[in-house]
Each structure stands twice: as structure tokens, then as C-alpha cells.
Amino acid sequence: MVPAPNDGGAIAPPDPWDPVVRLTHWAVVLAVLVNDVIVKPGGVVHVWVGWALMAVLILRFVWGLVGPRAARFSAFPPDPRATLSHLADVARGRGREYPSHTPAGAMMVYTLWALLVVVVLTGLVMTQGKTPIAIAEEKAAVAAGDWSVLVRDGDGDHDGAEKSDFVQEIHDVAANLILLLAILHVGGVAVESRLLKRSLVRPMIGPKPGPKPGPKPGPKPDPKSGPKSGPKPARSRSR
């Protein structure tokens, strides 16, 4: 059934999204920011973040199979035709609710996931699948003057060096595309939030804040005590 525009909460996405969706979403955001903007590429921290990102992606992919209905892949399949229709609605200023990601959002999610997988796999190739602990030990050995590790890794193979450069280039291009698409994603969320007149970010953060507590009610009067009776006023005598 095609949902009607602004059909409301009956078909709207979860508010809030389930904890695993929220956790993996913000973990990916953090990993991309750290590895693309903050830390030095190729360093031990960079590799640690890459491995953490791989674990987060695996968790989200498993959750897409066994998680709640709105989090499953079946709830937001990649559909180019529905995406074009949805974007046309947005261009006409028409907001529409969907029970999970919007079609455009779904295409963005799958594209970002594909690029993240490329980044992780090319990172594993460049580091020869070494764990962050092994890389840290090698770097410590080189810093201490033991260059034998570099001799073992650099075998002087010209073809191998070209392949390594090619993999490095794919890794860098995918990482840059992720940043560009993330900016586009933020812009799309802002536009759709404006059209739907509700924030699409807050459900990804947590539940709605509850109403502020009012003043505490005072103690209830004791019905047994009743009003206190004072002295009766004296009657005035008429003369």
C-alpha cells in the first residue's frame, strides 16, 4: 500500500529508533569523522577505528536480518523508481511519511554502506590483514631501530607496489565520497524535517523528553478534623 502524504504516526518510522540502529548509526558517524578528519591515515589509531567500524557494520548487517521490522532490509529495499518519485515530491514541497527510511534515504544508506565496506576491505588489503596490535608492535620495533619488519614487508616487487598504490587510491576515493555523501545526507534530512514539520534527527538520538514536572501538591486536608470551630459571637440584645 502506498502511504498517503503526511499520513502521520500510524506509518511513520519508529520514534525513537531501536537502540542498535541508533548505536550503529552514530558509531559510523564517529568513525568516519575520526579517520577522515582527525587522526593521521595509516596510524595505529586509524587502524583501530577501521577494525571497530568493521565490527559495527557486521552488527548492523546482522540486525538488518533479525532486528525489528523497521530496521530490516526488507523495510527499505533499494528502489530507484520510488526514489525518483520521492525526490519529485520533495521538489514540489510535499512531505511524505514512511514506516522506515524514505526511498531516497534507503538509497543513501545502501550507497554509504557499500563505500564503507570498500574502505574497510581496502584497508585490510593495505595492512595485509594485520591486527592493530600487530601493527603497533611493528611500529614500536621500527621506532626502536629494528627495520627487519620493513624489509620483510617490502620485497621490492614492482607489480606489488603498483597494486598497493591502486588499492590506496580506491581507499582514498571511497573515503572522500563518504564525506561528500554524508554532507548531502545531512542536507536531505534538514529539507525533509522542514517538510514534515518534525525533526528526523531526534528519533535517532533517543526518546522524546517528558513533560517538565509541575509544583508538588500540598498535603490533603483531613476530612475528620473538619474546620476548627471558634467561639460563637455574642448576640446583641435589642432594647
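## Legends for the close-up views

**View 1. D89 and R94 join their side chains in a salt bridge, 3.5 Å from N to O.** The term stands for a side-chain nitrogen of Lys or Arg within 4 Å of a carboxyl oxygen of Asp or Glu. This is a predicted model, in which local features need pLDDT of at least 70 and side-chain atom pairs count only at pLDDT 80 or more, while totals for chains, interfaces and linings use all residues. Residues are numbered from 1 along each chain as its sequence is written, and side-chain values use heavy atoms, with hydrogens and water left out. D89 also meets R96 in a salt bridge, here at 3.6 Å from N to O. D89 has 4% relative accessibility and counts as buried, as does R96 at 14%, whereas R94, at 35%, is partly exposed. Buried here means under 20% relative accessible area, exposed over 50%, and partly exposed in between (1.4 Å probe, protein chains only).

**View 2. A salt bridge pairs D15 with R202, their closest N and O atoms being 2.6 Å apart.** D15 sits in the segment before α1 and R202 in helix α8 (residues 202-205), so this pair ties together parts that are 187 residues apart in sequence. Helices (H or I, at least four residues) and strands (E, at least two) are DSSP runs, numbered from the N terminus. Both partners are partly exposed: D15 has a relative accessible area of 39%, and R202 one of 23%. The count of salt bridges comes to six.

View 3. Now find L116: setting aside neighbours within four places in sequence, L116 is in contact (heavy atoms within 4.5 Å) with V28, V32, L53, L57 and I178.

**View 4. Helix α2 has 23 residues and spans 33 Å from its first C-alpha to its last.** That reach is close to the 33 Å expected at 1.5 Å a residue, the expected span being 1.5 Å times one less than the number of residues in the helix. To pick out the buried residues of α2, look for H46, V47, V49, L53, V56, L57, R60 and G64.

**View 5. T83 lies in helix α3 (residues 80-91).** With a relative accessible area of 9%, T83 is buried. Not counting residues up to four places away in sequence, T83 touches P103, A104 and M107. T83 and A104 are 21 residues apart in sequence, yet 4.9 Å apart in space, C-alpha to C-alpha.

**View 6. W26, V29, L33, V37, I38, V201 and I205 make a nonpolar surface patch of about 640 Å².** Patches are made of residues with over 30% relative accessible area and no salt bridge; like charges are joined within 9 Å, and nonpolar side chains (Val, Leu, Ile, Met, Phe, Trp, Tyr) within 5 Å. Helix α1 gives the most to the patch, with five residues. W26, placed in α1, is partly exposed at a relative accessible area of 37%.

View 7. Of its 239 residues, 30% count as buried. The accessible surface comes to about 16,600 Å², of which 66% belongs to carbon and sulfur atoms. These areas come from the Shrake-Rupley method with a 1.4 Å probe; for residues, only the protein chains shown count as cover. Among contacts between residues at least 6 apart in sequence, 76% join residues at least 24 apart.
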